[in-house]
Amino acid sequence: MTRESFIELRSRFLNWKAEGKKIASLTAYDYPTARLLDEAGVDFLLIGDSLGMVVLGYPDTIDVTVEDMVHHTKAVARGCKRAVVIADMPYKSYETPQQAVETAKRLEDAGAQCVKLEGGRAILPQIEAILNANIPILAHLGMLPQHVREEGGYHIKGKVEAEQKALLEDALALEKVGVLGTVLELVKHDLAGEISRALKIPTIGIGAGSNCDGQILVTHDLIGYFPWFVPKHVKQILHIGEDIREGVRKWVEELKRS
Ligand code: KIV
């Protein structure tokens, strides 16, 4: 796949928003899934650090390493011809501007066209350093899964006025420095709509309602490939986990009978 320049990628995101076309994005962590989702017409693929839960079996994203992300980004990039490939920067991999640039470069070398990191004005020096290194960024605001332990769970954001104001100001500050767009996770639906209207860059919602410019989901949640836990906001389209269990159960039974 020919690599789009920062400017080309930026106009792709701005055009999606300007044309009012909903952006469809999903996570991928391996070659076959990336290839199938790419062939199905998804706009961008995220190698999310949700990898920790749905692929590696951790309780949250905290133990995911840069090495894990590099390994899975390479696999996804090999399977993706058309969709934009975006990789998550894992926990503690962007503590300083210098470390942020080093991590972003490793993910870029692995095949990511853009990186995603969690937070607003609190990590602005890291965001600016990555952008100055000419690496595009998708931001992530609202519920930040890398903070789940200190927050004691996944909670809706934007319930009180101070939080609403802070989220809107974060989004505007990120737009100003030049991120391509922002994920809004578990943001109150009316606030997600307000932020989306206030920005020229697209918002990509997850559990943030239908007023965002696009939607992202963890693929395993959408297709039922992690049946032990399904977030409330997900409407499943397939039940792959049940199909595997049932299909393999029949295969085992037939084999034992033969
Ligand atoms: O890690 C992840 O999968 C994410 C979501 C936005 C889907 O960050």
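**Exercise 1.** Which residues does Leu45 touch, not counting residues up to four places away in sequence?

*Solution.* The model is predicted, local features need pLDDT of at least 70, side-chain atom pairs count only at pLDDT 80 or more, and totals for chains, interfaces and linings use all residues. Residues are numbered from 1 along each chain as its sequence is written, and side-chain values use heavy atoms, with hydrogens and water left out.

Step 1. Contact means heavy atoms within 4.5 Å.

Step 2. With residues up to four places away in sequence not counted, Leu45 touches Leu26, Ala28, Ala34, Leu37, Val76, Cys80, Ala83, Val84, Val85 and Ile86.

**Exercise 2.** State the volume of the largest pocket and describe its lining.

*Solution.* Step 1. A pocket is an open set of points on a 1 Å grid over the protein atoms alone, where a 1.4 Å probe fits, with protein on both sides within 12 Å along at least five of seven lines; lining residues have an atom within 4 Å of a point.

Step 2. The volume, the space filled by probe spheres set on the points, is about 730 Å³.

Step 3. The lining has 29 residues, and Tyr154, Glu185, Asp221, Pro231 and His233 lie nearest the centre.

Step 4. Of the lining residues, 16 are nonpolar (Ala, Val, Leu, Ile, Met, Phe, Trp, Tyr, Cys and Pro), 7 charged (Asp, Glu, Lys and Arg) and 6 polar (the others, Gly among them).

**Exercise 3.** Describe the second largest pocket in the same terms.

*Solution.* Step 1. This pocket holds about 470 Å³ of space.

Step 2. Its lining has 25 residues, with Glu118, Gly119, Gly120, Leu144 and His147 nearest the centre.

Step 3. The lining divides into 9 nonpolar, 8 polar and 8 charged residues.
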